Amino acid sequence: MTDGDITAGLRAALERTDASERLRGAMDAGTRPNDLFIDVLVDRCAVEPDFFVRDMLTWALTRHDAGRVVPAVVRELGSPFPQARSQGLHTLSKIGDPDTWSAITPALLHDEETAVARAAWRAAAGLVPDAERASLAVALAHHLGQGDIETRRSLSRALVMVGDEARPAVDAASESDDEDVRVHALATRALMDDPDAGFEGAVDHARRVAALRDAPAAGQQQAPDAPDEAGTPGA
């Protein structure tokens with residue numbers, strides 16, 4: 001069988017209408033790795049509509065020689081297609097090669113496509129060198145208070161992964177004038193103290209803390225005007 005026959009067979013399997021058949025094709029490619037499969041798997045990651053098949057494609061890539069897979073995946077990070085970028089980042093996070101840290105650029109961390117940015121946060125938090133943890137935390141903290149609940153959860157988890165070096169950036173954000181930023185930062189700090197806590201519970205607690213902090217202290221409440229000597233208030 002020629003190289004063309006081998007890759008054509010995998011492409012055909014990954015283009016079938018039935019997602020379960022595509023899943024099986026990706027599984028087979030990972031079970032019997034072949035360097036010829038790498039480009040086919042990477043190409044499919046950019047267009048595969050099914051989440052579970054995409055995850056299997058990434059698994060299949062992790063079963064191949066990382067020295068050959070990484071360059072092919074890194075090229076995807078500059079793709080104009082958001083799914084190619086996000087799946088490429090996801091794959092790099094699963095491979096876990098620390099040398100790929102430099103491929104996670106500020107443009108990816110601040111990508112206008114939420115799925116790409118979230119994938120970049122996770123990948124960066126897992127690959128960041130110790131010397132870059134504080135600066136990464138500052139970049140991530142820029143997004144506190146933004147997005148829906150899932151986006152905020154992803155960001156908090158990434159900051160927890162960064163570790164204690166993220167605390168100064170999170171603490172600074174917890175003093176923000178923006179309530180959404182302040183609450184998200186307080187929730188993130190709670191998760192840093194207890195990583196096993198649920199995010200929604202941490203947010204509820206953070207809202208209560210923020211509300212108490214914003215409420216005027218009892219001693220600062222304005223006292224009513226005292227009556228004058230004639231007994232008339234404020235005269």
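Tutor: Axes here are lines fitted to C-alpha atoms, for helices over the stretch in contact, and angles run from 0 to 180 degrees between N-to-C directions. The structure is a predicted model, in which local features need pLDDT of at least 70 and side-chain atom pairs count only at pLDDT 80 or more, while totals for chains, interfaces and linings use all residues. Residues are numbered from 1 along each chain as its sequence is written, and side-chain values use heavy atoms, with hydrogens and water left out.

Student: How many helices and strands does the chain have?

Tutor: The chain has 13 helices and 0 strands, where helices (H or I, at least four residues) and strands (E, at least two) are DSSP runs numbered from the N terminus. Read along the sequence, the pattern is accordingly α-α-α-α-α-α-α-α-α-α-α-α-α.

Student: The axes of helix 3 (residues 37-45) and helix 4 (residues 51-62) cross at roughly 155°; why is helix 3 called roughly antiparallel to helix 4?

Tutor: Angles under 35 degrees count as roughly parallel, over 145 as roughly antiparallel, 65 to 115 as roughly perpendicular and the rest as oblique. The axes of helix 3 and helix 4, which come within 10 Å, cross at roughly 155°, and that makes the two helices roughly antiparallel. Their crossing is also left-handed, a word used if the near helix is turned anticlockwise from the far one by less than a right angle, with right-handed used if clockwise.

Student: Which residues of helix 3 and helix 4 meet?

Tutor: Contact means heavy atoms within 4.5 Å, and on that basis Ile-38, Leu-41, Val-42, Arg-44 and Cys-45 in helix 3 meet Arg-54, Leu-57, Ala-60 and Leu-61 in helix 4. By class, this contact has 7 nonpolar, no polar and 2 charged residues, given that Ala, Val, Leu, Ile, Met, Phe, Trp, Tyr, Cys and Pro count as nonpolar, Asp, Glu, Lys and Arg as charged, and the others, Gly among them, as polar.

Student: What makes helix 9 and helix 10 roughly antiparallel to each other?

Tutor: The axes of helix 9 (residues 133-141) and helix 10 (residues 149-162) come within 10 Å and cross at roughly 165°; the two are therefore roughly antiparallel to each other. Helix 9 passes helix 10 in a left-handed crossing, where Arg-133, Leu-136, Ala-137 and Leu-140 in helix 9 meet Leu-155, Ala-158, Leu-159, Met-161 and Val-162 in helix 10. By class, this contact of helix 9 with helix 10 has 8 nonpolar, no polar and 1 charged residues.

Student: Why is His-90 called buried?

Tutor: Buried means under 20% relative accessible area, exposed over 50%, and partly exposed in between (1.4 Å probe, protein chains only). His-90, found in helix 6 (residues 82-95), has a relative accessible area of 18%, so His-90 is buried. Leaving aside its neighbours within four places in sequence, His-90 is in contact with Asp-55 and Thr-58.

Student: How do you know whether Ser-86 and Asp-164 are buried or exposed?

Tutor: Ser-86, also placed in helix 6, has a relative accessible area of 14% and is therefore buried; not counting residues up to four places away in sequence, Ser-86 touches Ala-115, Val-116 and Ala-119. Asp-164 lies in the loop between helix 10 and helix 11, and with a relative accessible area of 57% Asp-164 is exposed. Of the 235 residues of the chain, 41% count as buried.

Student: What makes a set of residues a nonpolar core, and which residues have the most contacts inside the largest one?

Tutor: A nonpolar core is a set of buried Ala, Val, Leu, Ile, Met, Phe, Trp, Tyr and Cys residues joined through side-chain atoms within 4.5 Å. The largest has 53 residues, and those with the most contacts inside it are Leu-41, Leu-109, Leu-140 and Leu-159. Helix 8 (residues 114-127) gives the most to this core, with 9 residues. Apart from this core lies another, of 8 residues, among them Val-183, Leu-186, Phe-199 and Ala-206.

Student: Why does Val-183 count as buried?

Tutor: Val-183, whose place is in helix 12 (residues 179-193), counts as buried because its relative accessibility is 3%. The C-alpha atoms of Val-183 and Ala-206, 23 residues apart along the chain, are separated by 5.3 Å.
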